[in-house]
Amino acid sequence: MKIVVLVKQVPDSGAERSLRNDDHTVDRGSANNVINEMDTYAIEEALRLKQAHGGEVVILTMGPDRASESIRKALSMGPDSAVHVVDDALHGSCALGTSKVLAAAIGQLEADLVICGAEATDGRVQVLPHMIAERLGIAALTGARKLTVAGAELTIERQTEEGYEVVAASTPAVVSVWDTINEPRYPSFKGIMDAKKKQIRTLALADLGIAAGDVGFDGASSVVLEHSMRPPRQGGNKVTDTGEGGVTLVEFLASEKFV
Amino acid sequence: MAEVLVVVEASSAGDQPTVKKVTLELLTLARELGTPSAVVLGRPGVAAALTDKLGEYGATRVYTAESEEIDGYLVAPKAAVLAQLVRQVQPAAVLLAATQEGKEIAARLAVKLDNGVLTDAVSLDADGVATQVVFAGSTIVKSRVTRGLPLVAVRPNSLTPTPAPTMPRVEQIAVVVDAVAKLARVVERKVEAQGARPELTEASIVVSGGRGVASAENFALVEELADLLGAAVGASRAATDSGFYPHKFQVGQTGRTVSPQLYVALGISGAIQHRAGMQTSKTIVAVNKDAEAPMFELADFGVVGDLFTVVPQAIEEIRKRQG
């Protein structure tokens, strides 16, 4: 089974993040850039499937040159190789544009299974798995907290607001996973050393047969008009409990008409 | 006035399907943009249980697409039917809930129509400009769809729903679903009981527990306070990862995003992971024994103290006031 894992480089969600003032895109220059955390669960799931069923795990990333740092980190967990779609014309791509590029790359790779994180910590948009599946005409099993593979048959448990759904499909398919699905491994020393020798193939838009004007800012289907920092919340009254903390708390709730 | 389509979400937790609060919010919002039409996509018979409520909140039409085919497969049939409807009625905008399913339908619709999509909007003005709050609530973004109509998924609890009763005209729409929309089969649907508590993202009040709650048994205290306030129960990642409370109640970066009127954080330090999921709550209250906990920087009211003495006292005080 050929498994492609989508990996996105994002600004570290634990640090200060911002948008660029010139074009409102994510400021990658000033940020500490890391693998989107949810994607490490996707990598782990792919590696476990390879272990159980054989096959190959390929990392696929679309992003600027510096995303190669994250690709190396992803490879150090154990995947076989990586493909990096990098092209200046991609800057400013909307989700539709991004899905067009990733779908084209997945098509070229002839993946049986695409696994990705359910959302990225920067955009938190959750639209890409279904966009990619829609473009490729393949199944999307999204929001998995459990994935079972039997031959070409895939079954997930999909977390919903009211419980869960069991959803099944045959390969080829896109599966997105939450962080409840497994516990990602840490790269071993050997893994880190091996990753340095693994192949990262770069693809430009022309390699995918996509015109520059169809993606990036020129091809974007939505525009950010402005952005601003939200005034930080001001901490309010903080009291130390000296025996009446619970009562004081309820007095506050009552003053705000919650009680 | 131009027609605005609102994709209905229904809860199946009770005996009868009910319209989710977020749909009433969308109808309220749609009235400011044009004439709201509700779109019910579901199994046969579902629309009948929902129509009155949709009319009460101003839906002048209710389009119903009911079929086992819609219910039996994940998302794709809904998007297919919706795409046909959009082509047919040429609405001024399409509004969905920014829930997992709402965003997924929007994603497929965007590809089908080659139409831009905005998600997680907290407001949308008549010019189609949406406001989004990103990066754990630190940044406000205003954006607009530039290709196609405004296709916008709006976060639950972004506005207060208000009734505007009308008698909706019900129109059945044909369900034509091709094989490619039927690749992901829903084999089973499990509703996990959450008793009388409101749904987490819909709740006006959320009471959450964190690492400081210290055990699964102790979450009974969080639940007791929640039930007194008519609140939903949430948990931090530290609490769900430690097995104190089920993962589906996790609030935060990798969990659910909530925006209630009141958020009560018990024994939650307030790491960015958690703040990302609750920072837009209107009023925040915190109880933590660590006076330096970052949660106090957000809290409108904080008590530095042991939650195991503060919370029981608060519960007793609320009972006393409620008589």
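This is a predicted model: local features need pLDDT of at least 70, side-chain atom pairs count only at pLDDT 80 or more; totals for chains, interfaces and linings use all residues.
Helix H4 of chain A passes helix H5 of chain B in a right-handed crossing. Another is an open sheet of 6 strands, with E13 coming from chain A and E17, E16, E15, E13 and E14 from chain B.

**The helix crossing**
- On the chain A side, the contact is made by A:His130, A:Met131, A:Glu134 and A:Arg135.
- Chain B answers with B:Glu104, B:Ala107, B:Arg108, B:Ala110, B:Val111 and B:Lys112 from H5(B).
- By type, the residues of this helix contact divide into 5 charged, 4 nonpolar and 1 polar.

**The contact between the chains as a whole**
- Chain A gives 69 residues to the contact, and chain B gives 78 residues.
- On the side of chain B that touches chain A, 37 residues are nonpolar, 22 are polar and 19 are charged.

- The edges are E13 of chain A and E14 (232-235) of chain B, each of which pairs on one side only.
- Neighbouring strands in this sheet are turned against each other by 15° on average, direction ignored.
- The step from one chain to the other lies between E13(A), residues 237-240, and E17(B), residues 301-304: these strands run parallel and are joined by 4 bridges.
- To find this pairing in the structure, look for A:Thr240, whose bridge partner in E17(B) is B:Val304.
- Within chain B, 5 bridges join E13 (residues 205-209) to E15 (residues 262-266), and these strands also run parallel.
- Here B:Val207 stands opposite B:Val264 of E15(B).

**Helices lying across the sheet**
- Helix H7 of chain A, residues 245-255, lies across strands of both chains: E13 of chain A, together with E16 (283-288) and E17 of chain B.
- H7(A) runs at about 175° to E17(B).
- Helix H10 of chain B, residues 307-322, lies across E15, E16 and E17 of chain B.
- The angle between H10(B) and E16(B) is about 130°.

Note on methods:
Residues are numbered from 1 along each chain as its sequence is written. Chains are lettered from A and ligands numbered from 1 in the order in which they are written. Two residues are in contact if their C-beta atoms, placed from the backbone, lie within 7 Å. Ala, Val, Leu, Ile, Met, Phe, Trp, Tyr, Cys and Pro count as nonpolar, Asp, Glu, Lys and Arg as charged, and the others, Gly among them, as polar. Two strands pair if DSSP finds at least two bridges between them. Helices (H or I, at least four residues) and strands (E, at least two) are DSSP runs, numbered from the N terminus. A crossing is left-handed if the near helix is turned anticlockwise from the far one by less than a right angle, and right-handed if clockwise. Axes are lines fitted to C-alpha atoms, for helices over the stretch in contact, and angles run from 0 to 180 degrees between N-to-C directions.
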